Every structure is written in structure tokens, then in C-alpha cells.
Amino acid sequence: MTELANHRGETTPSPTEVQTPRPAFAPVLKERVGFSVSRVWIIAGNTLTEAVRQKVFNFFLIIGLIFIASASFFAQFTFGEQLKFIKDTCLGVISVISTLIAIVGTAQLLPSEVENRTIYTILAKPVRRIEFLLGKFLGSLSLLTISIAAMCLLFGAVLFIKEQGMIRELRQEFTQGMPASDMADLNQQIRQVPQETFDVNLVKAVLAELMKATLVAAITLLISTFSTSLVFNVAVPFMIFVAGMLRGAAAEVWADRRILMALLAVVPDFGFFSLADEINMGNVVPWSHVGQILVYGVARTVVIVFAAHLIFSRREI
Amino acid sequence: MDAIRTEDLTKKYELGWHKGRLLALDKLNLRVHEGEVYGLLGPNGSGKSTTLKLILDLILPTEGSAWVFDVPCRKVSSRLHVGFLPENPYFYRYLTGTETLEFFGKLCGMGGVGLRRRIEELLELVGLQHARNRRLGGYSKGMLQRIGLAQALIHDPKLLLLDEPTAGVDPIGSKDIRDLILRLKGMGKTVLLSSHLLAQVQDVCDRIGVLNLGQLIMEGDVKTLISDQRRLSITVQDLPEAARTRVEEAVRAAGATVISVDHPQTSLESLFLDALKRDQRGAGQHD
């Protein structure tokens, strides 16, 4: 303490002896504290910074990126099969990694704040608990979005490289002297390559995956508002996720078991978010279906985050 | 207006299934006046931290109420003018000193040049300019305590709640914090200091309250509480032996009793600080 160090070893000055200028900055604070979106974003930004600097999530992301990048090294298939394989693999990797990041990234948010007591200094400021909770959740979603965006970028790069390779191969055939009747067909094939490679359905599938991961993160957040065990906070959302994925199949098998079906009805239908099968079968996924997925996901997320707020606002820290 | 007022503030913790409840605080009626340094004393588990948590609305009272500047503690606005330093403060280890203060400043609605200037002032005040760009994961305990004080002061609060502010800090750091509390008092701040280090509290507090097993068992002005009105101490320097004998005779002649005549001792803290002051090799190296 610079100024105080000057007094070190001397008699403690009395308050009246010390010349203590007022701080140059005196913040103007309103006496009423309403909900502040700005505070939510500050906490979200801090949560994202924490996640990025902790490097745990970089591990998941790097694993995902390695899988996506390696998907293009399977050359024993025909072009169409390779594309299908790449799309299938990449969408699968995005689905798994985003779910893992959603669960692991959210499960430790609140418990670590309480355990490390960092929450004390934040809630001792004029910060509402709902702002803190939303900030943490949005920080986790930002991490998810960035991770999915990074995987999509690499996914796009893999597809682009594959597309260029295919076009190059077709052009080589073109230059090697080919009957005129076949050349028209070849031109047609070259024109079709980009259409087959970059399918707008992929965007829809990724949107659905992001929504699914958001819902998984919301469930994990809800669990972590009343549980302090990291293992519990990871295991329970994971089990709910698995139950949600199997809900469709279970409904067919156990249709007559009402209690079981009532329990399953509480679990979100995570199978509803998966569009990979539709894309691989070459079916066009209408935007209206994507809209339904988003409405379903957002509605469930809002209800779950509200429930988390109800618990967290009464929680003793 | 009182800076802090509690009325029958009671807290019982649930101990778990069929284990009953633990009475941590029992009908606490506390008044901390504006501008004073109030020391909340008590052994471990006496209810000091529980009191601070109740004032900050981190936990809910079982009974009773608390107010900060006449605003009920359940309202977020009660924390507008409060700065809090928790016991053994932990902060985000991945943030630097500057980033930490920026984060807390922004939470208090500050920003821009004003915030940057305030951060400069506080880093200088707590002597952490040299570590401003170092991540808190690399800070020592004393440095964490200092950055904790800086974040508590970031929005220039009128009331400071300090929970064991010198816990685990070396004597130099402890003295620095004590001096800072006196400076804050000089600035007109109200300080509620929770501690079990009695000597430290005696030096800085105007009034104290003693908590034991959740109850306030003693309260009052420090000077009044610790002074013995029946005894008088006079300290003189270079008094010849003959004069000393005459003084003792005069005392007896007045009907009083000489209880002890000895040389005053310096405190261990003063001795320690003087030794360090003489040894200039380590000046400015501590944290």
C-alpha cells in the first residue's frame, strides 16, 4: 500500500491527522435497482472468459475438431458416399460435443461459485440473483455457440476441400478428351457438386443441435441450483438426455404403461431435434419444421430457467 | 440514520433430516451509527459471519429484520452503498488485478474513463500497481486480501463490511489494513469489522459488540469498556530516582495506593515493524 507504507513502523495516525482526498470519481448510483440487461451481459462475458481460460472446454472442442477434420480422410467411398459420410460424421460430432459442453460447462457454474465463494462478492454488490443466474446461463450458451460455430467452420472447410477435389477430378476427365455427348453430362455433374455439398438442410440441422444443447444446458442449470455435487449435476442431466433421446421409441414399446409414459412426458423429446437422418436420406427439411423445433426448445428452456430462478432466489449461500 | 439496524435478527440452520436446527444467531438487536467503526467480536462460530450474510441477504433470517441505511436488507437497493470483503476472499483466478476491478466496477454501473481512473486510485491505495496485469491465481494471500479491499471500495461505498480482514495476513499487511480502516473512517465511511483479533479491534474501533453462541453479550464504547476508572497511569521520561521516591510518597500522602512502578513495554508488533524498518534490505519486497 504505497501511501500507507510510508507510515510503516511509525505511530498509527489518527483519523484527523490523515489527509484523505475523496476519490476523483464518485459514481452516481440510482436508489432503485431494477433488472439490468447490462449486468447480465457483464456476468455472461465473465463466465465465457472463465470457460475459455480454464481450457477444459478447449479439450472437448479440440477433440471435436479432430474428428471433423479426420472425416475427410475416408477415401474408399464414391464421392456421394464420402459426402454422406462426412455430413453424417460431422453432424454426429457436433451433436455429441455440444451436448458434452452443455452438461459439463453448465454443471459446475453455480457449485464452483459457491464453493470458491466468488458468489459472495458478486451478490454483495447491487446484483439481482436472476441477473446472476441468467448471466451464468448466457455465458454457457455463448461458449456453446462459439464451439458449434468453430466446428461448423471446420465442417464447412472439409466440405469445401472435398468439393474442390471433386470438381478438379471431373475437370481432369473433361480435359482428357471425352465424347461431346458425355461432356454435357460431365458439365451437369460439375454444376451439381456444390449443390450436393452445401445443403441448406445442414444449417437447419445445426440450428436444431444448438437448440438441443441449449435445452440440455437449461436442465443442467436447474439441477445445479439445488445440488452441489458435480457428479450428480453431470449424471442427472445426462440420464435425462438419454431418456429424452429414447422417448420416441419408448412411447411405442410402453404405450400401455401409463405411469411410465407420464414420467416420460416430463422429459423433453430430444429425438425431435435430430435432423441428421432426414438429411442423409436426402429429404428436404421444411423451415416450418425447424420453426417448430425452435419454438418447442425455447418454450421448454424458458420454463426450466424460470424454475431454476425460483429455486436459486430462495437458496441460502 | 443508522448505517445498520437489526431487530430481533435470528438465524437457525437446518442440520438435516431429523437432526434439528442450529441456532446461529439469537434475537440480535444491533445499531451501527453512520461514520463509526464498529467491531463485531466473538470466537469462531459465534455468529459474526452469519450476521454479515444476513445483512447482505445471502441467507434468509428465521426471524427478525435488518436494514442498511433504513432500506430493508431483502431489497437489492440496500447493497447500493455497501462494500464487502469476505473472510479469505476468493476471486476469479484467471482474471488479472485490473480485470477483477473492472468486472466489479461494471457490476456497480461504472464504466469508461471514470472506472479506469478509480481502478488506478485503488491499485495505488492498496499497493498493487506492480501486480495489476498478473492473474489472481498467482497472488499471495495478502495480495488477495488487498485486491478484495479494492473491489469492496470500487464504487466508493458509504458502508464497508469487513469479515476477518487480516486473517492470514502478515503483521505488515495487517498494519496496512488497520491504517486503511482508519483512513476510511477519516473519509466518513462506516465500517463494520468482524474479527477475533482483539488488539487489532481495540486500535481501530469506536464501539464493539461481543457475540457468543449467537447472542450479543456485551456492547459499548471501546475506550469506556477497556478503561479502569479507579486506576491512573502516568508515563514519564528521564525521572531521577529521588524524584520518583517523592512522587510515590505524594501518592501515599493523598491516600492512594501505588500498585506498580515499572518500565512500559513496547508491543511485539512495534518491535517487529521497527526491526524491519531498520533492516532496509527487504524494503518494498513484501506483498
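In this predicted model, I4(B) has V32(B) as its bridge partner in β3(B). That pair belongs to the contact between strand β1 (residues 2-14) and strand β3 (residues 31-33) of chain B, which are joined by three bridges and run antiparallel.

Six strands make it up, in the order β7-β8-β9-β4-β10-β11, and their pairing is mixed. The edges are taken by β7 (82-85) and β11 (215-221) of chain B; each has a single partner strand, so one side of each is left without a neighbour in the sheet. On average, neighbouring strands of this sheet are turned by 15° against each other, with direction ignored.

One pairing in the sheet can be followed at residue level. Strand β8 (residues 159-163) and strand β9 (residues 190-195) of chain B run parallel and are joined by five bridges. At one of these positions, L159(B) has T190(B) in β9(B) as its bridge partner.

Two helices lie across strands of this region. Helix α1 (residues 48-55) of chain B lies across β4 (37-41), β8, β9 and β10 (207-212) of chain B, and runs at about 145° to β8(B). Helix α5 (residues 171-186) of chain B lies across β4, β8 and β9 of chain B, and runs at about 155° to β9(B).

Chain A is built from other elements. Of the 317 residues in chain A, 34% are buried. When contacts in chain A are taken between residues at least 6 apart in sequence, 81% of them join residues at least 24 apart.

The axes of helix α2 (residues 37-54) of chain A and helix α2 (residues 97-107) of chain B come within 9 Å and cross at roughly 160°. That angle makes α2(A) roughly antiparallel to α2(B), because angles over 145 degrees count as such. The crossing of α2(A) past α2(B) is left-handed. The residues that meet are R39(A), I42(A) and N46(A) on the side of α2(A), and F103(B), K106(B) and L107(B) on the side of α2(B).

Confidence remains to be considered. The model scores ipTM 0.82 and pTM 0.82. Chain B has a mean pLDDT of 87, and 93% of its residues reach 70 or more. Over residues 282-287 of chain B the pLDDT is below 50, and this stretch has six contacts in the model beyond near neighbours in sequence.

Definitions and conventions
Residues numbered from 1 in each chain as written. Chains lettered and ligands numbered in written order. Predicted model: local features only at pLDDT ≥ 70, side-chain atom pairs only at ≥ 80, totals over all residues. Pairing = 2+ DSSP bridges. Helix = DSSP H or I, 4+ residues; strand = E, 2+ residues; numbered from the N terminus. Axes fitted to C-alpha atoms, helices over the stretch in contact; angles between N-to-C directions. Contact = placed C-beta atoms within 7 Å. pLDDT = per-residue confidence, 0-100. Buried ≥ 20, exposed ≤ 12 C-beta atoms within 10 Å, placed from the backbone. Parallel < 35°, antiparallel > 145°, perpendicular 65-115°, else oblique. Left-handed = near helix turned anticlockwise from the far one by under 90°.
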